[in-house]
Structure formats: structure tokens, C-alpha cells
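Visitor: Hello, I am new here and would like a tour. Could you put it up for us to see, so that I can ask as we go along?

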Amino acid sequence: MMGDMVASVEMMLERWKEKEGAEVEIYEELRTLTSEVISRTAFGSSFEEGKQIFGMLHKMMALAETNMYTIRLPLISNIFKTVDEMEAERLDQGIADSIIDIVKKREEKVKCQQDVDSNGYGSDYLGLLIQAHHDEDETKKISMEQLIDECRTLYAAGQETANAALSWMILLLAIHRDWQEKVRNEVISIFGHEKCLDFDGIARLKIVSKLSPSFMFHIARIMSIRRISFIFLIIYLLQTGMFILETLRLYTPVYTGFIRDIGKEATLGKLTGLDGVQCHIPFIMIHHDPKIWGEDVHAFKPERFLDGIAKATNNNPTAFMPFGMGHHICAGSNFAINEAKITIAMILQRYSLTLSPGYVHAPHPGLTLRPAYGIQIILNAL
Ligand code: HEM
């Protein structure tokens, strides 16, 4: 998975070579990147076809956002459909057909015994889903509709959110030049300027996982392991980690939070929730509450996370929930943090980021919290 992330960032940086010294619209660039990452992860070898599906899904999400507050009348809405509703249905069918096509191609390969690895239908997400679709155990088997739904969920949950989060991170790095330097210094102290993207190294380095990064580097140099495992070292990006948490607090992608049904009467402080009542937990309000974070709640201060989340939240660690909480907590939180670390590390190894004077700050509360007019950044090669 990490290999797919690195390969996708490499592709983006290749494109950027032609844009050095010029202004780049980061939100769109990162949309391509995050779609690429999810496409490769979800569809593996079929990621080009996956990208077409994600293109259609993206259009559907845009339609959903436009119509978020449209009131639908029972019965009448089933008979008379708006242009947007008809377009959404067309896209939905297109997505389902494309997924079925990819599934058929994989199944054909298995029949012909070509290019099939030991995992049968493949070890990417799609392969695992097809395997589940063919499971002989009826209790584990999933239907084709469920398979299609799973692919949709992964995109919706994993692309838009990561796109928004990464965009705000780049903005904050461009504004807070001191933090841009801190994060870059940390990245370079661990990875140097070279591309250290060898994944085979991880197996060799696992056993020394408790040792410090500088010691590991020393050992690796002695042993002539030229390219150290990126995956392993990524966990040592501590300043970068704090920076990521602070961005997720200030610009929480799933800003609306979640709604939970109260299953049975429950008391929380002075509040009593009755069975059947719905409870809305708005993340962004909790992330901006001075009672939890202190009077400097609106300031950008990654160092508040230096001694952990409990300290930063005045001993209310559950008050920090960019990835949700409980049974439905984000299934891709580690994926998202690693994606962010890899992307930031690889960008800062190569570029100094300056905010364009044309940037207009307008966080837009759509399905996710995203920049209404994009984020224009000037890329200066280091
Ligand atoms: C910064 C990026 C991300 C943020 C802020 C984020 C946030 C969230 C939140 C708030 C939820 C709802 C949790 C709840 O209801 O308690 C969620 C659910 C989910 N996320 Fe993420 N997410 C991110 C990235 C990803 C990625 C990259 C993936 C997949 C690769 C992913 C997969 C999922 C899935 C499958 C669920 C549904 C879990 C369930 O209902 O059981 N997310 N995410």
C-alpha cells in the first residue's frame, strides 16, 4: 500500500517539474493524487479503469453536495425527477457497469490461470472483495451489490477527506514558514535529500524497531543498505505528526461530525438522552472549544500535541476526533496519516512552498471542509 502511495506522489512530482517557479492549484493537484492513491490501492493492476470509476463518483459527490439541502417530496419525487437526479442515476449505473466489467476481467484471468497470484483474485482491495463474493461459506459471501457499495464507500470515505486534509496542510505549511522549515529539517534529517523508497528493507529493519532513527541510519550505512525502508522511518516524523494533528484539529475535514442514535436512555453530565433520540456530535465545534484547548484555541500551535493528545485536550482525549470515535471510527486513519506523511515528506524534500498573493481564504462547508477557491501555491525547487 505504501508503495502505491509513494508511486502516486512520484507521478505528481514528475508533473510538477514543468511548473517550477509557477503557481499551482494545490486542491486540484491533490485531488488527482488522492484519487490515484485510492485507485491503485483499491483496484491494483486495474487502477486506470478504477480512475474512470472514481471520476464518475466524483461527479456524483458534486451533485450530492449541490442538492444537499434540496427538499424532496414523498411520492412526487419518485415520479418527477430533476435533471440532477437523472444525471446521478446515469452515473450510478455507469459506476456499477464499470465495476462489473473489471470484476469479469479478473474472473476471466482466474479461469485462464493468467497473472493470478497466490491470493486468487489478487491482493488489492478489489481482489479481496471478489474473493468474498465467491466465498463458498454463505455467511461470509457478499453480493455484487455489496461489492459495488464497498468500492463506492472507499472512495467517498477515503478520497475527499484526504484531499481536504492534505490541502489544508499545504496551506498551513506555506503560511507558517517556521513550521515548513521544522518539518523539512526533520524529513531531511531522517531521509536526506535522496529518495529512500525501498520497501524491501522493512523486513530487515523490523527487528530494530525500538532503536533510534540515527542509530538505525548508522547501522544501515555500515551494512550498505543504501535505501532504508520509508515505511519504517515514517513513524519517526514526530514534528510532522504534531503538525498533521494540529491541521486536522483546525480544519477538520469531516467538520459536521456524526449523528448517533441513542439506543437506550443515557445520562451525560446534566443531559439525559432518551431512547430513539438522535445525538449530533459536531467535531469542528469541539475542536474549537476553549474550555478544552485553552484560550489559544484558534491559534496554529502544533506543539500543543508535544506531550500527547491527553495533555493537549486538558485530559479529554476523546475531544479530539477527526477520525470519529467508537465502532465506526475511520477504518483508514492510519492509511490517511501515512499518506499525509509520505506526501508532505516528498514535497518538502524538493520544494519550498510560498502562498500566492491571489489566494482567497474561504473554507467551504460542503460534504467535507474544503477551500472554496482552491489553494494557490508557488513551488520553488530547492
Ligand atoms: C484525513 C483523512 C480522513 C478523515 C479525516 C476521515 C474521517 C472519517 C470519519 C470522521 C469517519 C466516520 C467515523 C464515525 O462515524 O465514527 C470515517 C469513516 C470511514 N473512513 Fe475515514 N477519514 C479519512 C480518510 C480515510 C481513508 C484514506 C480511508 C480509506 C482508505 C477511509 C475509510 C473510512 C471508512 C471505510 C469509514 C467507515 C467506517 C465505518 O462506518 O465502519 N477514511 N472517516
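Predicted model: local features only at pLDDT ≥ 70, side-chain atom pairs only at ≥ 80, totals over all residues.

Visitor: Is P357 buried or exposed?

Guide: Strands (E, at least two residues) and helices (H or I, at least four) are DSSP runs numbered from the N terminus. P357 belongs to the loop between strand 6 (351-355) and strand 7 (363-365). Its relative accessible area is 79%, so P357 counts as exposed.

Visitor: And G122, is that buried or exposed?

Guide: Look for G122 in the loop between helix 5 (83-112) and helix 6 (125-133). Its relative accessibility is 11%, so G122 counts as buried.

Visitor: By how many Å are the C-alpha atoms of G122 and N380 separated?

Guide: Along the chain, G122 and N380 are 258 residues apart. The separation of their C-alpha atoms is 41 Å.

Visitor: What is the phi of N315?

Guide: N315 sits in the loop between helix 15 and helix 16, and N314 lies in that loop too. N315 is exposed, with a relative accessible area of 61%. Both have a positive phi in a residue other than glycine: for N314 the value is near 55°, and for N315 it is near 65°.

Visitor: How far apart are the end C-alpha atoms of helix 16?

Guide: The expected span of a helix is 1.5 Å times one less than its number of residues. Helix 16 has 18 residues, so it should span 26 Å. The distance between its end C-alpha atoms agrees with this, at 26 Å.

Visitor: What kind of aromatic pair do W293 and F320 form?

Guide: W293 is in helix 14 (residues 290-293), while F320 is in the loop between helix 15 (309-312) and helix 16 (333-350), 27 residues apart. Both W293 and F320 are buried. Their centres are 6.0 Å apart with 80° between the planes, and the pair is edge-to-face.

Visitor: Which residue has its charged end over the ring of W293?

Guide: A charge sits over a ring if NZ of Lys or CZ of Arg is within 6 Å of the ring centre and within 35 degrees of the ring normal. Here the charged end is 5.1 Å from the centre of the W293 ring, and it belongs to R249.

Visitor: Which helix gives the most to the lining of the largest pocket?

Guide: On a 1 Å grid over the protein atoms alone, a pocket is an open set of points where a 1.4 Å probe fits, with protein on both sides within 12 Å along at least five of seven lines; lining residues have an atom within 4 Å of a point. The largest pocket is lined by 47 residues, with A157, G158, T161, C330 and A331 nearest its centre. Among the elements that each supply at least two lining residues are helix 2 (26-43), helix 12 (238-250) and helix 16. With twelve residues, the one that gives the most is helix 7.

Visitor: How many residues line the second largest pocket?

Guide: Strand 2, strand 3 (266-268), strand 4 (271-273) and strand 5 (278-281) are the elements that give two or more residues to this lining. R260, I262, L268, C279 and I281 lie nearest the centre of the second largest pocket, and the number of residues that line it is 24.

Note on methods: Residues numbered from 1 in each chain as written. Heavy atoms only, no water. Phe/Tyr/Trp six-rings, centres within 6.5 Å; stacked < 30°, edge-to-face > 60°. Buried < 20%, exposed > 50% of the residue type's maximum accessible area, 1.4 Å probe, protein only.
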